[in-house]
Amino acid sequence: MIRLGVPSKGRLMDKTVAWFGERGIGLRRAGSERDYAAVAEGIDGLELILLSAGEIPRELAAGRLHLGVTGSDLVHEKVPLWELRLTELAPMGFGRADLVVAVPQAWVDVDTLDDLDAAAAAFRHRHGHRLRIATKYHRLVREFLREHGVADYALVDSQGATEGTVGAETAEAIADITSTGETLRANGLKILADGMIHSSQATLWQSRTADWTDEGRRTLKELVTRLGVQ
Amino acid sequence: MTAAPTPDLRAEAARLSVHFRAAGAQPVEAAILQPADVLLDLYGEDIRARAYVTADPLRGEMMLRPDFTVPVVQMHMESGADPARYTYAGEVFRRQEVDEARANEYVQVGFELFGGDDPAEADAEVFATVAGALSGLGLTGAIGDVGLLIAAVRGLRTTEARKAALLRHIWRPRRFRALLDRFGGRGAVPPSRVRLLGLGDPFDGAGPDIGKRSRAEVEARIAALREDAAAPPLSDEERALLDEMVAIRAPAPDALSHLRDLAVDLPATRPAVARMAARLDAMARRGIDVGTLQFEGSYGRTALEYYDGFVFGLVAEGRPELPPVATGGRYDALTKVLGQGRSVPAVGGVIRPDLALVAGGGA
């Protein structure tokens, strides 16, 4: 049996089930709405595991799942050297969201990362501490800002309501996921012109660290043919 | 790769400690857990990618020491002896995000020299003491001097704001390059900036004033942008001179004569070039064959530590996969940051005994 991990709730789960369903693979819960046991129909040798989307990257990297569906943002953030451990089988076309750097609209002088760097230098000089950027995507944001030569900032952890941190003065800027930018605008924020860190969508991943038997490989081959992804 | 220190490694570390003590250094210790805020403030967010962060509900974030520099500087600033020589030996911890083959825990044995009134002599003493501890291993030396580039930038015929921006990014060569191009009128000016500076009231239609960065700070930056837009571009000649300086790779005596030639057009670098000449003389007096040292114009610009003067490394020849067995340099500016305004000349070097054993064929 090969193990396929799928998000256990919400829109991400519904759309994943629909995506597989359109391709002739039925995914459903074994019992009631609250039951996390699940089955895959229409193909042999595939075991369905429901779990939190946030845990799927870790399980894939550890090889405890052979396949999994989760956002590319979560894989890139949570799995160092993900290219060596995971293979992207198919972008699924939903769950789209962009990880962006956003600053107050009132910062009319800041439109690019170059501006942000200059503003951070002056801010630190004036206030005696680094310019704070609230995010939960620490690794992606840090790598992105280093790549673009932004200095004099500090990341502060924000696990929710990140758009509100600037108004609450616990951060000066944010790096967060947005799909339409509506929440950002409503909170007086704007996206930097070159502030796109990662364009994410739900993706079907294959673990390269899982134990792949001959039987498992045959199941995978059958599955990718049925899904029409390779 | 995590390897517990072996008896051989302990013996090599002890041998190096004895060598440094014989050179007049006082042995010192440092806590393994260091307060994270000091290191974060000093090195910035990048240190999180390179050091292990842990937390304590009462003391907050702590870091497993990534090196001894900060605690030793702090200790010295409190004692204030001048000059002072210290040595230490112990594990340091480096988080690895991109290369599992690199060690995340290894022993460092260091030698640090604070104070004194002859920086060239102090640089030479540290280099000769570190190299002397490793003689017989056939290591080759590479040297550089970040102070040359700092002096060259300070002497540019441009605005103080541009010089400050360049100095801030000395240790980020790509960003430095981009700024140099922009100040030279080469990089494109972002359209949003052109538009901003063309507006009568830049705040027309701006969103609500939220957050700690005030309207006055935004206004100050717009004024700075206007000043920059009005300033003439940095000359092609000056940019070419800087490029030439950082691209030098030659045996130290040849590099010195090249730098002397450059100093005709970059007169601000003359004191730094004279210091390099004095340093090479002092090294020669200590028996170092300076003709075998390779000078690299960009050496030390991508290191974690912000060295701001002499920098050096000793590498095992024919083993390009090995990190340098020893590294070091001058870090006067760091003492100023940690000393809350008070600063003291400081230069030091560290040896990795594990690599010394490998280079010596012992492991």
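This is a predicted model: local features need pLDDT of at least 70, side-chain atom pairs count only at pLDDT 80 or more; totals for chains, interfaces and linings use all residues.
In chain A, a UniProt annotation from an unreviewed entry, "domain: ATP phosphoribosyltransferase catalytic", covers residues 53-227. The domain assignment of chain A, which comes from another source than the annotation, gives domain 1 as residues 2-95 together with 201-227, and domain 2 as residues 97-200. The C-alpha centres of these two domains of chain A lie 32 Å apart, and the contact between them takes 7 residues from domain 1 and 8 residues from domain 2. On the domain 1 side of that contact, helix α3 of chain A (residues 72-78) gives the most, with 4 residues. By class, the residues on this side of domain 1 of chain A divide into 5 polar and 2 charged, with no nonpolar residue.

Turning to the contact between the chains, 31 residues of chain B are in contact with 30 residues of chain A. On the chain B side, helices α3 (46-50), α8, α9 (191-198) and α10 (215-230) each supply at least two residues, and α10(B) gives the most, with 5 residues. The side of chain B that touches chain A has 13 nonpolar, 5 polar and 13 charged residues.

Within chain B, the domain assignment gives domain 1 as residues 1-138 together with 344-363, and domain 2 as residues 159-204 together with 212-234. The centres of these two domains of chain B, taken over C-alpha atoms, are separated by 39 Å.

The axes of helix α7 (residues 160-168) and helix α8 (residues 173-183) of chain B come within 9 Å and cross at roughly 160°. Angles over 145 degrees count as roughly antiparallel, and α7(B) and α8(B) are therefore roughly antiparallel to each other. The crossing in which α7(B) passes α8(B) is left-handed. R162(B), A165(B) and L166(B) of α7(B) make the contact with F176(B), L179(B), L180(B) and F183(B) of α8(B), and the residues of this contact divide into 6 nonpolar and 1 charged, with no polar residue.

Further along chain B, helix α12 (residues 252-265) and helix α13 (residues 270-285) pack at an angle of about 160°, with their axes 10 Å apart. These two helices, α12(B) and α13(B), are therefore roughly antiparallel to each other, and α12(B) passes α13(B) in a left-handed crossing. From α12(B), the residues A252(B), L256(B), L259(B), R260(B) and A263(B) meet R270(B), V273(B), M276(B), A277(B) and L280(B) in α13(B). The residues of this contact between α12(B) and α13(B) comprise 8 nonpolar and 2 charged, with no polar residue.

The remaining pair to be described joins helix α6 (residues 146-154) of chain B and helix α11 (residues 236-246) of chain B, whose axes come within 11 Å and cross at roughly 175°. With this angle, α6(B) and α11(B) are therefore roughly antiparallel to each other. The contact is formed by L148(B), L149(B) and A152(B) of α6(B) and by L242(B), M245(B) and V246(B) of α11(B), and its residues divide into 6 nonpolar, with no polar and no charged residue.

Definitions and conventions: Residues are numbered from 1 along each chain as its sequence is written. Chains are lettered from A and ligands numbered from 1 in the order in which they are written. Axes are lines fitted to C-alpha atoms, for helices over the stretch in contact, and angles run from 0 to 180 degrees between N-to-C directions. Angles under 35 degrees count as roughly parallel, over 145 as roughly antiparallel, 65 to 115 as roughly perpendicular and the rest as oblique. A crossing is left-handed if the near helix is turned anticlockwise from the far one by less than a right angle, and right-handed if clockwise. Two residues are in contact if their C-beta atoms, placed from the backbone, lie within 7 Å. Ala, Val, Leu, Ile, Met, Phe, Trp, Tyr, Cys and Pro count as nonpolar, Asp, Glu, Lys and Arg as charged, and the others, Gly among them, as polar. UniProt positions are given in the numbering used here, feature names are shortened, and annotations may be inferred rather than shown by experiment.
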